[in-house]
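Please take a moment with the sequence and the structure before reading on. The paragraphs that follow go through a few places in turn.

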Amino acid sequence: MRSTERLTEQGGWLLYLGMFALSGLALTLSMPWAATVRELITFPWKPSPLVFFAVLTLMAVMVGLNRGSTIAPRGPLQWRQVRRLLGHILFAHMLTVPYLIFARSLLPGHVVKIPILTGYSILVSLAFGLAAYLRQAKRWALGSEATGLNYVLAILVFALPLIAWLATGSHWQHIALLSPVGTISHFLGENTLPWSLIGIAIPLAAILFLMALLAIRMRRWAR
Amino acid sequence: MFRRLHGTRFALLLISTLVLLASASVAVSAVVGVEVSLGVGERVVRGHYSPVRVTLSAVEDGTEGAIVVSQLTGDVFSDQETMTAVIYRGTLEDRTYEATIPIFEPLNPLEVSVEDTAGHVLRAVTLNPRLMRRVGPFPAVCGPTFEIGLDTVLIDAGEIPRDWWGLHAVRQLWIGGNAVPSADAWRTIAEWVLAGGSLVVLSGTDFYRLDSPDLRDLMPIGNPELVELSGGRMRVQGTLKEGAVLALENESETWSAASWKYGSGEVTFVSASSDDLGQADIETIGSMAGSTEIPSIEGAGASALGSMEVIKPWTWFAPLVLLLGTLAYLVFARIGVSRPRLAWVLLCGALVGLSVWSGFASRRTKHVIDLYVANTSVKVQGEYGIAIGWSSFYANRSRMASIGHEAGSFPIQSLEETVFDSDFSVESEASATKVLLQAHEYRGFELYRRSQSFFHVTYENGRVTIENPGEKVVEDAVLIVEGKVYELPPIPSGTFQSTLSGGIPEYLFSSRRVADDRIIRQYSDVLSYDESVWLVVSDEHETVTRSGEWGEKVRASTVTFILGESR
């Protein structure tokens, strides 16, 4: 199978397009539309590219989940499948490079945050992709079919910490870091670097954990 | 041990401590003596400027420090904020320091503190402006002792403030009797009238006492002289100046009142001393003379801010990239299976092209900024000069902003329209005021100051001569003669002459700058374009400054009205 076919198999091409289109839409909505200050006063605009990065990360997670379960083998687990998963995620992000460059006009003085947030989006996508890969591989092994549960769980991971934060108020505000949207919001805020780093470390830790799990499963399979 | 402390030793320790504390407080209070007087005739009005005089005594030589006035805004049921104004910073001496400060809320106490360089309070005096409060602008009488209304305030000539805006809360200023204002006081009065003040001068046989070149410039009559009437009574007579009218004459023709517009204000001259006038005469003159009305340029300032262009990337860029990128991707998906290499080349080429375009579209000059400021000011210059400024702010997010001003010229902010349960603290240093703006908040500040004229304008038989002593070429200038506006070519440094032609009525004139046109129209009635010659110089420029994540765009517009001489 050619790389182009692998990229687009099982509805992949639609997901990349969805990610590209929805990120572009979010970026469009993030821009100030007012031409004069009078319009700006009437229709206030908050200088935050939060919506763009939140949508980008959410769509990247969808790509990760789809690609992870698509790549999952019916046979033995392989590291090259993980590399392929990463390749698909990177391809999805490559499509959004024009947006990422353009987004710097929304973040004057903080251009360095854009590659960091892009990297974060890739990490979150990879973490969810690995989880989907492992879960689907297990389901194949047990003879079950794929379900949409992965997507529901992903949405819950995005939403539940934010709901918990809103419910508990400022005392538990850092619980929002468990949600990628919370971490992005923290990172785009002022003087929140230490907590933001913790938020960014969460998908990294998840990836390491899932990789370890993958290694263990590979070893078991080899026996 | 505790038991041992009880008794005599404990009492001794307690007494020693109290003595030490008492002597320390005496020593501190002995450092600086502070006396404060506030208001015109010790009267203040909410939202109006008021002079404050701080007299220091027993200050050690070489003491460095500052005199700070702090006020609270609002009331206990709403958000209260402290407004501070540093009226002096430097070496403190035994003398009187005067400044003119805005009074935010006279129901709250006002504190004047003398601080050292480290910010430690050496001495603080708290005033209760509640007892000095007037509900609105009041008539002030300088010299005579009569009352025009219940709210009349009697003042001495020495109480006339240093700055013309110190008379902001005065509705009418009456001068007569034995008042002999100093040259500086006359200058203050003249500037205040030029800005919109209403002055009533009473002078009968005692005219010699008041007479001064400054007064003669203000008076609606020229060549005033004392003449003897039948019956041996004396009165001041003269010729009415152009634009002046005889407003009143009593039945016995022993006195009359002439008035005229002087700048934005009005001067009424009564040719009788206060002793010759009855209460009914005074009330008649009081109702005839106008009230102080300093034109606000808030509308023009708000227009200047509102019409500023927002700095941002091209609005349709992102949708266009979305469209082109989608097309490129669809082509890639369509031919990717059959001609994969071509598909990758096309997709990568499209992405590189769009990325480069993105780079150009999001260059630094297109980065969004978070603060827009319009500094609009009007200067009216004749023999004297005044300036009225309005600074409008709009911030996309909460941030500090600064208003630069001349020493002692503190801005007064329009609180009612701008505060919504948020921090609206204002800290004024001698030459700048710092304000904390809330996100999406519009804030306006009014600022008064003096202004010096540099131009000399002469109009004679359709020809204008302008002396421009500056080095800069004046690009935007018009001349208003008899209500018609004549556009002038750039005025170079030195002497400039031009023959006027093609004038258009003032109401049809457009300079293509919203704020300028609005100001020129607003001042058409105020400055009587029909009766005088005015050179109107406009200057407008915009600057964008960026520092890291902060950016601000400032539009500075100044319209200067220079009174010309008509021959």
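Is A:I216 buried, partly exposed or exposed? The model is a predicted one, and in it A:I216 has a relative accessible area of 46%. Because buried means under 20% and exposed means over 50%, this value makes A:I216 partly exposed. The residue belongs to helix 10 of chain A, which covers residues 193-222. Between A:I216 and A:L27 there are 189 residues along the chain, and the C-alpha atoms of the two are separated by 41 Å.

Elsewhere in chain A, helix 7 takes in residues 113-142, 30 residues in total. From its first C-alpha to its last this helix reaches 43 Å, which is close to the 44 Å expected at 1.5 Å a residue. Just after helix 7 of chain A comes A:G143, whose phi is positive, at about 85°.

Strand 4 of chain B, residues 64-72, pairs with strand 7 of chain B, residues 110-116, in the antiparallel sense, and seven bridges join the two. For B:Q71, the bridge partner in strand 7 of chain B is B:L110.

Notes
Residues numbered from 1 in each chain as written. Chains lettered and ligands numbered in written order. Predicted model: local features only at pLDDT ≥ 70, side-chain atom pairs only at ≥ 80, totals over all residues. Heavy atoms only, no water. Pairing = 2+ DSSP bridges. Helix = DSSP H or I, 4+ residues; strand = E, 2+ residues; numbered from the N terminus. Buried < 20%, exposed > 50% of the residue type's maximum accessible area, 1.4 Å probe, protein only. Expected span 1.5 Å × (residues − 1).
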